[in-house]
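Here is a short report on one protein model.

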Amino acid sequence: MLKKVAILLACILSFSFASSDSNETSVKLNLVKNIKISHKMTEMSKKCVECHAEKTPGVVADWKQSRHSHAGVTCVDCHSVNADSPMASAKVHPKGSDNHISMLVSPKTCAKCHAEEVKQFEESGHARGAMQMYAKPGMVKLMYHYEGADHPDLKMSPDTTGCAMCHGSIIKLDANKKPTPETWPTYGIGTVYPDGGVGGCKSCHTMHKFSVAEARKPAACASCHLGPDHPDIEIFNNSKHGHIFNSEGHTWNYDSAPDTWEVPDFRAPTCSACHMSGVGETVTTHNISKRLKYNLWAPRSNLRTAGNDKAVEEFRKTGKLNIGTALAGHPEGPEAARAEMKLVCKSCHSTTSTDNFFTMADKHVELYNVYFDEAKKMLDDLKSKKLLLEDEWSDEFQEIYYHLWHHEGRRMRQGALMNGPDYAHWHGVFEVKNDIRKLRKIYKERIETGKIH
């Protein structure tokens, strides 16, 4: 509301100044002058565009429609690097020049113009997508040993074609300074670049158009946030927000400037409206974890109490990540995160409606924790008595335990907090209660017999 008042005042003042130059009492709209901005491309930039218009016309077509092109940002500004850059091409390009390029564009390059956005991103859970995945021995073993069958030539494919496309990869270069097929191309959100840059701006603003409007639509998030373990787009579609979006979302305005995109540009929020946009009294952020009270993806949902714990910087210096300490969230804690999320809700909902919704959604998260704590206690007891198989994917107890938190449990929690009733219940708590009963039966048999059946 304050932003709208400010905009209105600015318009009134503009008209006042226009009329003050005239003796007439009416506003002279013809006093508004056309402003022409001229951006001249360098000869190098022209060569890039002319060549790639033939070689990769789709790239040039996207760039021409982008805000980058309108602002005079060209291929050279993003792809040219110093000769000593770890990502610099082995040969100059184009031939006959002293220019080194990289097909990789790291967030460090984006930060030259978008410093605040990159900083906010690094404070989010998204920034740890690749680092966290490769820091978990169990995840690495799942991809390469169990799924990749330890095949000397093929074991990387489950990672490259699947996991890394969402989580991100740690890009490696070959002898010619070109990225290896095992690590690139990737649209992963937490990709780590050879120059130390971390992130995947193009995950949401696909290259080379880098559209803000595109990133504001649910499809930008749906390519990763879907499926049995985190069906967020399915949950969104199950919700009343999704119902309204699917009915009329194609008519909404997605082109407003940052911090001005809010009701009535849309009638119901998309993913970005709740988690990122400057709706109402909130301010735009690229820290998608900032408005989250709980950690809903973890085995147990604890409160997000620590920022990002400098995880990105730690990884840059040591190549290691302490995944047990940082729960990226609001710098002032979980209640501040919830308060900020409620500010988004209040653009459309009453305080009572908002408060009541979160009261019961939180109870559903805590109910899940009750189930998980019992399952974890049984798992630890069996482990101490050596009643678990070393191969967890051949062990019925461990496989059900994994699904309880990683599939059914996530659906239960995320369904509750995103107002997806079928996922909170039938795909969620109903399946979790079935899982715990199966675990109790297996646990009882192993404890009583001292054997793994």
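Helices (H or I, at least four residues) and strands (E, at least two) are DSSP runs, numbered from the N terminus. By that scheme, Asp-150 sits in the loop between H9 and H10. The model is predicted, so local features need pLDDT of at least 70, side-chain atom pairs count only at pLDDT 80 or more, and totals for chains, interfaces and linings use all residues. Residues are numbered from 1 along each chain as its sequence is written, and side-chain values use heavy atoms, with hydrogens and water left out.

**Overall**

The protein has 21 helices and 2 strands. Of its 453 residues, 40% count as buried (under 20% relative accessible area; exposed is over 50%, partly exposed in between; 1.4 Å probe, protein chains only). Contact means heavy atoms within 4.5 Å. Among contacts between residues at least 6 apart in sequence, 56% join residues at least 24 apart.

**Helix packing**

H9 (residues 137–147) packs on H10 (residues 157–167) at an angle of about 130°, with the axes 9 Å apart. That makes H9 oblique to H10. Angles under 35 degrees count as roughly parallel, over 145 as roughly antiparallel, 65 to 115 as roughly perpendicular and the rest as oblique. Axes are lines fitted to C-alpha atoms, for helices over the stretch in contact, and angles run from 0 to 180 degrees between N-to-C directions. From H9, Met-139, Met-143, Tyr-144 and Glu-147 meet Pro-158, Asp-159 and Cys-163 of H10. By class, this contact has 5 nonpolar, no polar and 2 charged residues.

In H7 (residues 115–122), Val-118, Gln-120 and Phe-121 are buried. Seen down the axis of H7, they fall within an arc of 160°, so they line one face of the helix. These buried residues pack against helix H6 (107–110).

Most residues other than glycine have a negative phi, and most peptide bonds are trans. The table lists the exceptions discussed here.

| Site | Value |
|---|---|
| Trp-184 and Pro-185, cis | omega about 10° |
| Met-207 and His-208, cis | omega about 0° |
| Asp-150, positive | phi near 55° |
| Asp-259, positive | phi near 75° |

Pro-185 is in the loop between H10 and H11 (201–204). His-208 lies between H11 and H12 (212–215), also in a loop. Asp-259 occupies the loop between H15 (240–248) and H16 (271–275). Asp-150 counts as partly exposed at 40% relative accessibility. Asp-259, at 25%, counts as partly exposed too.

How values were computed
Ala, Val, Leu, Ile, Met, Phe, Trp, Tyr, Cys and Pro count as nonpolar, Asp, Glu, Lys and Arg as charged, and the others, Gly among them, as polar. The arc is that of the directions from the helix axis to the C-beta atoms.
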